[in-house]
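Take a walk through this protein chain with me. We will start with the whole and end with one residue.

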Amino acid sequence: MVKDKPNSTRIYDEEGYRKRAACICVNGDESEVLLVSSSKEPDRWIVPGGGVEPNEDPKGAAAREVWEEAGVRGQLGRCLGIFENEERRHRTAVYVLLVNEELEEWDDSKNIGRKRKWFRIKDAIELLSETKPLHYVYLQSLLKATSDSDKGRPDTVNSS
């Protein structure tokens with residue numbers, strides 16, 4: 001199902017959930033993550049991500065979103081899972097991106113003043129646990145995935 005919204009087209013799965021994608025942007029040893037400022041609340045940090053567009057797969061959407069929101073590119077890695085937000089009716093595929101390119105300026109930094117900042121994972125988890133519970137779950141999944149030897153098929157995670 002497709003639904004138009006000003007400046008974007010929203011894509012929905014067969015159960016009526018909005019399809020989204022995001023990336024946990026990491027440094028080489030996955031000790032730090034890159035967060036961006038929220039467009040709605042500039043003093044709040046979030047994981048970059050957004051809606052999947054028509055004719056786009058979740059991996060492509062995740063890479064596009066971090067390019068637009070964080071001005072970074074890199075090696076797109078494993079999928080941490082599909083995270084479901086029952087309250088907002090969306091499902092987000094979350095990938096790990098090993099950052100190898102950071103622009104000095106990017107579209108969102110120029111157009112809306114978005115910022116980005118590297119955080120130690122522990123600090124990012126603490127920060128997001130208070131402000132963005134679902135994003136907190138993404139980072140918890142990153143820690144779990146790196147500590148598990150079995151990196152099998154990603155699971156769907158329910159969180160509201």
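What percentage of the 160 residues of the chain count as buried? The figure is 43%. Buried means under 20% relative accessible area, exposed means over 50%, and partly exposed lies in between (1.4 Å probe, protein chains only).

A word on the source. This is a predicted model, where local features need pLDDT of at least 70, side-chain atom pairs count only at pLDDT 80 or more, and totals for chains, interfaces and linings use all residues. Residues are numbered from 1 along each chain as its sequence is written, and side-chain values use heavy atoms, with hydrogens and water left out.

Now the layout. The chain holds four helices and 10 strands. Both are DSSP runs numbered from the N terminus: helices are H or I with at least four residues, strands are E with at least two. Along the sequence, the order is β-β-β-β-β-β-α-β-β-α-β-α-α-β.

Next, look at two helices. The axes of α3 (residues 121-131) and α4 (residues 133-147) come within 7 Å and cross at roughly 150°. Axes are lines fitted to C-alpha atoms, for helices over the stretch in contact, and angles run from 0 to 180 degrees between N-to-C directions. So α3 is roughly antiparallel to α4 (angles over 145 degrees count as such). Contact means heavy atoms within 4.5 Å. Among the residues that meet, Ile121, Ala124 and Leu128 belong to α3, while Tyr136, Leu139 and Leu142 belong to α4.

Go inside. A nonpolar core is a set of buried Ala, Val, Leu, Ile, Met, Phe, Trp, Tyr and Cys residues joined through side-chain atoms within 4.5 Å. The largest one has 22 residues, and those with the most contacts inside it are Ile24, Val33, Leu35, Leu80, Tyr138 and Leu142. The strands β3 (18-26), β4 (32-37), β7 (72-85) and β8 (90-102) each supply at least two residues of this core, as do α3 and α4. The largest share, six residues, comes from α4. A second, separate core of 16 residues includes Leu34, Ile46, Val72 and Ala93.

Finally, which loop holds lysine 115? It is the one between α2 (107-111) and β9 (116-120). Lysine 115 counts as exposed because its relative accessibility is 52%. Yet lysine 115 has partners: leaving aside neighbours within four places in sequence, it is in contact with Leu35, Val36, Ser37, Trp45 and Trp106.

Conventions:
Angles under 35 degrees count as roughly parallel, over 145 as roughly antiparallel, 65 to 115 as roughly perpendicular and the rest as oblique.
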